[in-house]
Amino acid sequence: MDHTQELTKALSELKRITGVTLEVPDTGEEVDIENTLSQIRCLCTAYKEKYNKADFLYGLMTGGIPAYDIHGRAARLHISPEERRVLYLLEARNIDDTVHEILKNLFPAQTKTYLVPVTDHSIAVLRPLREGETGQDSRRIARTIVDTLNTEALAQVQIAYSFVIDSLTDLPEAFQETGLALRVGKLFYSDQTVFPYNELGIGRLIYQLPIPLCENFLREIFGPDIPDSFDEDTLGTVNRFFQNNLNIAETSRQLHMHRNTLIYRLEQIEKRTGLDIRLFEDAMTFKIAIMVLNYLQTERNL
């Protein structure tokens with residue numbers, strides 16, 4: 001291919017990725033084609049680096065792109081602005097090349113799924129919905145991501161996902177909602193790994209309460225000496241007791257614990273807190289108190 005053909009190809013590539021048409025006029029003077037080619041290719045590279053899809057979507061998620069500019073920039077990047085999608089936000093100790101490669105294998109380019117790095121510990125996955133998919137499919141896909149990364153990358157992953165996005169203009173709200181789901185999920189439901197945006201329960205409510213109100217609530221429950229925490233064995237026993245709907249026989253069976261030992265532990269909690277969690281109302285109060293306590297500890301450590 002001669003230099004003239006290379007120049008034509010480079011100008012065509014520049015137009016494809018930027019939408020800008022440039023012409024090299026024939027002035028009759030000798031043109032340094034090699035230098036011109038180099039400059040155009042540098043321009044193409046700089047544009048790709050500055051305006052690649054991941055950067056665009058990250059800027060959109062974080063509110064860095066005005067609404068009036070969304071459709072134009074999406075069109076230049078060949079991203080459909082009006083398409084039903086779900087945003088997944090996953091977090092691990094380290095998002096390395098292995099994690100990226102596994103995600104690329106899970107979501108090949110032809111699926112039109114976009115991987116958007118957020119921090120060194122988190123990455124967003126913007127995936128289009130297929131015809132007939134439901135919320136259960138979103139949960140299944142989230143579970144597949146977690147299980148695959150746990151198995152193939154040995155990465156302990158937690159993931160949240162958003163409501164269905166009808167347009168890219170909904171992406172900033174979806175990112176905020178998904179980020180909230182991940183924070184609330186990790187704080188209040190740490191034994192889980194998948195956090196749907198619409199299943200945060202009372203955790204969402206507690207997370208948005210003012211700290212003074214939370215402190216007053218704990219003083220009502222525990223008095224002036226609010227405990228810093230409860231030991232893991234106690235919390236593990238209580239959580240299993242709650243999971244079994246306050247059923248002592250089933251809880252002692254699952255914990256391989258004698259019934260009397262379990263009752264003794266529950267009575268120790270009552271001595272310490274004044275709450276008999278064998279009773280529904282006291283059990284509910286204790287559960288909320290533990291969630292509020294965890295919330296305050298997290299806020300104080302920030």
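The model is predicted. Asp282 is found in helix H13, which covers residues 280–301. The protein chain as a whole has 13 helices and five strands. Of its 302 residues, 41% count as buried. Among contacts between residues at least 6 apart in sequence, 66% join residues at least 24 apart.

- Asp282 is buried, yet Asp282 has no salt bridge.
- The nearest side chain of opposite charge belongs to Arg278, 8.8 Å away.
- With neighbours within four places in sequence set aside, Asp282 is in contact with Gly274, Leu275, Asp276 and Ile277.

**The sheet**

- The five strands form an open sheet with mixed pairing, and their order is E2-E3-E1-E4-E5.
- Strand E2 (114–119) and strand E5 (194–196) stand at the edges with a single partner strand each, so one side of each has no neighbour in the sheet.
- From one strand to the next, the twist averages 20°.
- Strands of a sheet pair through backbone hydrogen bonds, in either a parallel or an antiparallel sense.

**Strand pairs**

- E2 and strand E3 (residues 122–128) run antiparallel and are joined by five bridges.
- Within this part of the sheet, Val116 stands opposite Ala124 in E3.
- E1 and E3 also run antiparallel, with seven bridges between them.
- Tyr88 has Val125 in E3 as its bridge partner.
- Six bridges join E1 to E4, again in the antiparallel sense.
- Glu91 has Gln158 in E4 as its bridge partner.
- Six of the seven residues of E1 are buried, so the rest of the structure largely encloses this strand.

**Helices packed on the sheet**

- Among the strand pairs, E2 and E3 are joined by five bridges.
- Helix H3 (residues 53–61) packs on the sheet and touches strand E1 (85–91), E2 and E3.
- The direction of H3 makes about 60° with that of E2.
- Helix H7 (residues 171–188) also packs on the sheet, where H7 touches E1, E2, E3, strand E4 (158–165) and E5.
- The direction of H7 makes about 150° with that of E4.

**A pair of crossing helices**

- Helix H10 (residues 232–243) and helix H12 (residues 259–273) have axes that come within 11 Å and cross at roughly 110°.
- Angles of 65 to 115 degrees count as roughly perpendicular, so H10 is roughly perpendicular to H12.
- On the H10 side, the contact is made by Asp233, Thr234, Thr237, Val238 and Phe241.
- On the H12 side, Leu262, Arg265, Leu266 and Ile269 make the contact.

**Loop residues with positive phi**

- His78 lies in the loop between helix H4 (67–76) and E1.
- Phi of His78 is near 60°, a positive value in a residue other than glycine.
- Lys112 lies in the loop between helix H5 (97–106) and E2.
- Phi of Lys112 is near 60°, again a positive value in a residue other than glycine.
- Exposed means over 50% relative accessible area, and Lys112 is exposed because its value is 52%.

Conventions: Residues numbered from 1 in each chain as written. Predicted model: local features only at pLDDT ≥ 70, side-chain atom pairs only at ≥ 80, totals over all residues. Heavy atoms only, no water. Pairing = 2+ DSSP bridges. Helix = DSSP H or I, 4+ residues; strand = E, 2+ residues; numbered from the N terminus. Axes fitted to C-alpha atoms, helices over the stretch in contact; angles between N-to-C directions. Contact = heavy atoms within 4.5 Å. Buried < 20%, exposed > 50% of the residue type's maximum accessible area, 1.4 Å probe, protein only. Lys, Arg positive; Asp, Glu negative; His and termini not counted. Salt bridge = Lys/Arg side-chain N within 4 Å of Asp/Glu carboxyl O. Parallel < 35°, antiparallel > 145°, perpendicular 65-115°, else oblique.
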